[in-house]
Amino acid sequence: MGSIIAAFSIILVITAGWVILAQHLLPVRTKWRVVALTLFLGALAPLPLLLMFHLKDKLVLPEDPTLIDAFMISLTMAGLPEEGVKTVAVLAAFFILKHFSVFHQQLDRATGFRLPILCGLAFAAVENMGYSLNTAVTDMVGKEIGNPLVVPLIRSLAASLLHASLGCLMGLFFARLAETRHFNWPAVILGVAVAVLGHTAVDWGLIVPVLTVLDRGQDLTAGEMEVLLPHFMLALILIPSVIGAGIVSVFVMRRRLRLVAAEGRLVQPF
């Protein structure tokens with residue numbers, strides 16, 4: 001029980017740090033009650049997936065899975081379902097901010113950009129708690145490294161960063177929802193598509209090695225590790241690329257906000 005409390009404490013503290021960082025990514029802040037609402041909705045998002053995968057039989061990898069197999073598994077097991085439920089949470093936050101009087105006029109471009117980031121961080125926090133409760137994962141890490149708290153620590157740093165990066169990519173398009181009076185479906189579709197592709201890319205090179213290690217433990221031969229080498233190489237290329245794209249999207253959004261602010265100053269009466 002003590003280890004679970006420690007794991008959850010690590011996840012909550014590091015997630016709080018990510019949320020504060022998200023507030024400082026852009027010069028325009030989002031009100032904290034809006035942040036709280038978005039985090040709550042984001043935390044609800046993974047619950048259907050956790051229940052579904054808990055009830056579902058264990059995934060069996062095909063014999064000698066190829067990179068094409070890995071792509072399809074990543075798309076169907078991670079990219080589509082996870083970004084799908086996060087999109088529902090983001091849109092729920094959007095409609096609440098848009099139509100409930102208590103939040104009226106609190107949806108600006110910066111908030112539209114942050115909504116997917118905050119939902120992603122809350123989603124990752126709940127997902128990280130699920131991994132921390134997974135005895136197969138914690139026992140293996142505890143046996144090999146000596147401390148199962150490495151799981152919540154590493155995941156709160158790495159997985160949360162990846163979910164936040166995907167949120168930045170989605171947010172670059174979702175910010176346009178605050179720019180028009182009518183609902184901008186093309187922006188939503190593009191934002192979801194970019195996030196799904198980015199999420200699929202992140203897991204493409206990881207999902208087969210991770211599932212293989214969980215299935216076989218540490219009993220992998222040198223030959224089997226060599227077969228997994230292309231997957232590891234793909235992960236080394238794609239994961240930094242997705243994080244880099246997320247960072248670039250922040251600078252693009254900051255520039256867009258500066259241009260909008262400059263245009264607003266130009267049209268003000270003397």
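Helices (H or I, at least four residues) and strands (E, at least two) are DSSP runs, numbered from the N terminus. The place of P209 under this definition is in helix 9, residues 207-216.

The structure is a predicted model, in which local features need pLDDT of at least 70 and side-chain atom pairs count only at pLDDT 80 or more, while totals for chains, interfaces and linings use all residues. Residues are numbered from 1 along each chain as its sequence is written, and side-chain values use heavy atoms, with hydrogens and water left out.

## Overall architecture

The protein contains 10 helices and zero strands, and its elements, read from the N terminus, follow the order α-α-α-α-α-α-α-α-α-α. Of its 270 residues, 44% count as buried, where buried means under 20% relative accessible area, exposed over 50% and partly exposed in between (1.4 Å probe, protein chains only). The protein exposes about 14,400 Å², of which carbon and sulfur atoms supply 71%; accessible areas come from the Shrake-Rupley method with a 1.4 Å probe, and for residues only the protein chains shown count as cover. Contact means heavy atoms within 4.5 Å. Among the contacts in the protein with a separation of 6 or more, 79% join residues 24 or more positions apart.

Two packed helices are described by the angle between their axes and the distance between the axes. Axes are lines fitted to C-alpha atoms, for helices over the stretch in contact, and angles run from 0 to 180 degrees between N-to-C directions.

Helix 2 (residues 32-44) packs with helix 5 (residues 109-132) at an angle of about 45°, their axes being 7 Å apart. The two helices are therefore oblique to each other; angles under 35 degrees count as roughly parallel, over 145 as roughly antiparallel, 65 to 115 as roughly perpendicular and the rest as oblique. Helix 2 passes helix 5 in a right-handed crossing, that is, the near helix is turned clockwise from the far one by less than a right angle, anticlockwise being left-handed. On helix 2 the contact involves V34, V35, T38, L39, G42 and A43, and on helix 5 it involves T111, L115, L118, C119, A122, F123 and V126. These residues divide into 10 nonpolar, three polar and no charged. Ala, Val, Leu, Ile, Met, Phe, Trp, Tyr, Cys and Pro count as nonpolar, Asp, Glu, Lys and Arg as charged, and the others, Gly among them, as polar.

Helix 2 also meets helix 4 (residues 67-99), where the axes come within 9 Å and cross at roughly 145°. This crossing is right-handed. V34, L37, T38, L41 and G42 of helix 2 meet A89, A92, A93, I96 and L97 of helix 4, a set of eight nonpolar, two polar and no charged residues.

T200 is found in helix 8 (residues 185-204), and A164 in helix 7 (residues 150-174).

| Residue | Relative accessible area | Contacts |
|---|---|---|
| T200 | 1% | F71, S74, L75 and G79 |
| A164 | 10% | I117 and L121 |
| P209 | 3% | L228, H231 and F232 |

A164 lies 44 residues from G120 in sequence, with a C-alpha to C-alpha distance of 5.6 Å. For P209 and P65, 144 residues apart along the chain, the C-alpha atoms are separated by 9.9 Å.
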